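Reader: I'm new to this one. Can you put it up and walk me through a few spots?

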Amino acid sequence: MMSRRFEIVVDGRPIAATGDRTLAAALLNAGIVRFRTSVTGEARAPLCGMGSCFECRVRVNGVAHQRACLLVCEEGMIVETES
């Protein structure tokens, strides 16, 4: 059975998501490859995919430093990257 499709808002624009996909996967599938910027100005995105590296941090529903690879998409999510 396929999971129900819905939209989440990322940096002010809607992207497709499903409840069986991580937020990191939804962002990458939408072509978003810069989740945050390092202190030296380099683009950062998921590296380990299991929550160890903290490279995929984004703001979700106003809460900073959420690891996108550990969060399952939920309808109504509002996500901000540091791109």
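Loop and strand residues

Author: Asn61 lies in the loop between β5 (57–60) and β6 (63–67). Strands here are DSSP runs of E of at least two residues, numbered from the N terminus. This is a predicted model: local features need pLDDT of at least 70, side-chain atom pairs count only at pLDDT 80 or more, and totals for chains, interfaces and linings use all residues. Residues are numbered from 1 along each chain as its sequence is written, and side-chain values use heavy atoms, with hydrogens and water left out.

Reader: What is the phi of Asn61?

Author: Positive, about 50 degrees, although Asn61 is not a glycine. Asn61 is partly exposed, at a relative accessible area of 49%. The cut-offs are under 20% for buried, over 50% for exposed and partly exposed in between, with a 1.4 Å probe and protein chains only.

Reader: And where is His65?

Author: In strand β6. Phi of His65 is also positive, near 60 degrees, and His65 is exposed at 52%.

Reader: New topic. How many salt bridges are there in the whole structure?

Author: A search finds 4, where a salt bridge is a side-chain nitrogen of Lys or Arg within 4 Å of a carboxyl oxygen of Asp or Glu.

Reader: Which residue does Arg36 pair with?

Author: Glu55, with the closest N and O atoms 2.9 Å apart. Arg36 lies in strand β3 and Glu55 in the loop between β4 and β5, so the pair ties together parts 19 residues apart in sequence.

Reader: Is Glu55 buried or exposed?

Author: Buried, at 17%. Glu55 also forms a salt bridge with Arg44, at 3.0 Å. Shared partners join Arg36, Glu42, Arg44 and Glu55 into one network.

Terms used
Helices (H or I, at least four residues) and strands (E, at least two) are DSSP runs, numbered from the N terminus.
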